[in-house]
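I opened my notebook for a friendly look through this one. Here is what I looked up, entry by entry.

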Amino acid sequence: MDYTELSKEPLDIGAINTLVLHESCGAVSMFIGTTRDNFESKKVLSLEYEAYEPMAIKSMKSICSDIRSKWPDIKNIAIFHRLGLVPVKEASVIIAISSPHRESSLQAVSHAIDELKKSVPIWKKELYDDNNAEWKENKECQWRNK
């Protein structure tokens, strides 16, 4: 099963883990991306995310399909991303994948976060303690200016 969601509410790591659990699987691998309190010597207070939601969900579902073609033994996939304001230490993105053995799920999680950063239309603004803010571009982004 594939679970993809954009949420304005805090992401629940335990609930997402439970979504991907399966009796035939001995592995659940997760990536949890959190807001950190600094960037290039600037004090970060929070991140703010915006998305073109229909296209973002479509892109997340495409990542799930791609994972299933590369790792056919994957059982369940969850890709959840936060929108709106995300304070320091809270999760911005959670990817959880179950498989019978760890190798597939570990590789698939790494692939999923790389592809998400490269292709999903979600934008991030860093809010700093000096009342300034800056929109950030993922270095992996396919539409990034060269």
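**Entry: Glu40.** I started at Glu40, which counts as exposed at 60% relative accessibility. My cut-offs are under 20% relative accessible area for buried, over 50% for exposed, and partly exposed in between, with a 1.4 Å probe and protein chains only. Glu40 sits in the loop between strand 3 (38-39) and strand 4 (42-51). Its phi is positive, about 45°, although Glu40 is not a glycine. I noted for context that most residues other than glycine have a negative phi.

**Entry: ground rules.** I reminded myself that this is a predicted model, in which local features need pLDDT of at least 70, side-chain atom pairs count only at pLDDT 80 or more, and totals for chains, interfaces and linings use all residues. Residues are numbered from 1 along each chain as its sequence is written, and side-chain values use heavy atoms, with hydrogens and water left out.

**Entry: Asn131.** I then looked up Asn131, another residue other than glycine with a positive phi, here near 70°. Asn131 lies in the loop between strand 8 (122-128) and strand 9 (133-136). Its relative accessibility is 76%, so Asn131 counts as exposed.

**Entry: the fold.** I found 3 helices and 9 strands in the protein. These are DSSP runs numbered from the N terminus, with helices being H or I of at least four residues and strands E of at least two. In sequence order the pattern reads β-α-β-β-β-α-β-β-β-α-β-β. The radius of gyration is 16 Å, close to the 15 Å that the globule rule gives for 146 residues, so the protein is as compact as a globular protein of that length. I took that radius over C-alpha atoms, and the rule is 2.2 Å times the number of residues to the power 0.38. The C-alpha trace spans about 50 × 35 × 25 Å along its principal axes.

**Entry: inside and surface.** Of the 146 residues, 41% are buried. I also looked at contacts, meaning heavy atoms within 4.5 Å. Among those between residues at least 6 apart in sequence, 72% join residues at least 24 apart. The accessible surface comes to about 8300 Å², and 49% of it belongs to carbon and sulfur atoms.

**Entry: helix 3.** What does Arg102 touch, leaving aside neighbours within four places in sequence? I found Ala27 and Ser29 in contact with Arg102. Arg102 lies in helix 3 and is exposed, with a relative accessible area of 64%.

Is His111 buried or exposed? At 15% relative accessibility, His111 counts as buried. Not counting residues up to four places away in sequence, His111 touches Asp66, Ile67, Lys70 and Trp71.

**Entry: cysteines.** I looked for disulfides, taken as pairs of cysteine sulfur atoms within 2.5 Å, and the structure holds 0. Cys25 is in no disulfide, and its nearest cysteine sulfur, that of Cys64, is 15 Å away. Seen from Cys64, that distance to the sulfur of Cys25 is too far for a bond. Cys25 is buried, with a relative accessible area of 17%, and Cys64 counts as buried at 0% relative accessibility.

Note on methods
Areas by Shrake-Rupley, 256 points an atom, 1.4 Å probe, with all protein chains shown as cover.
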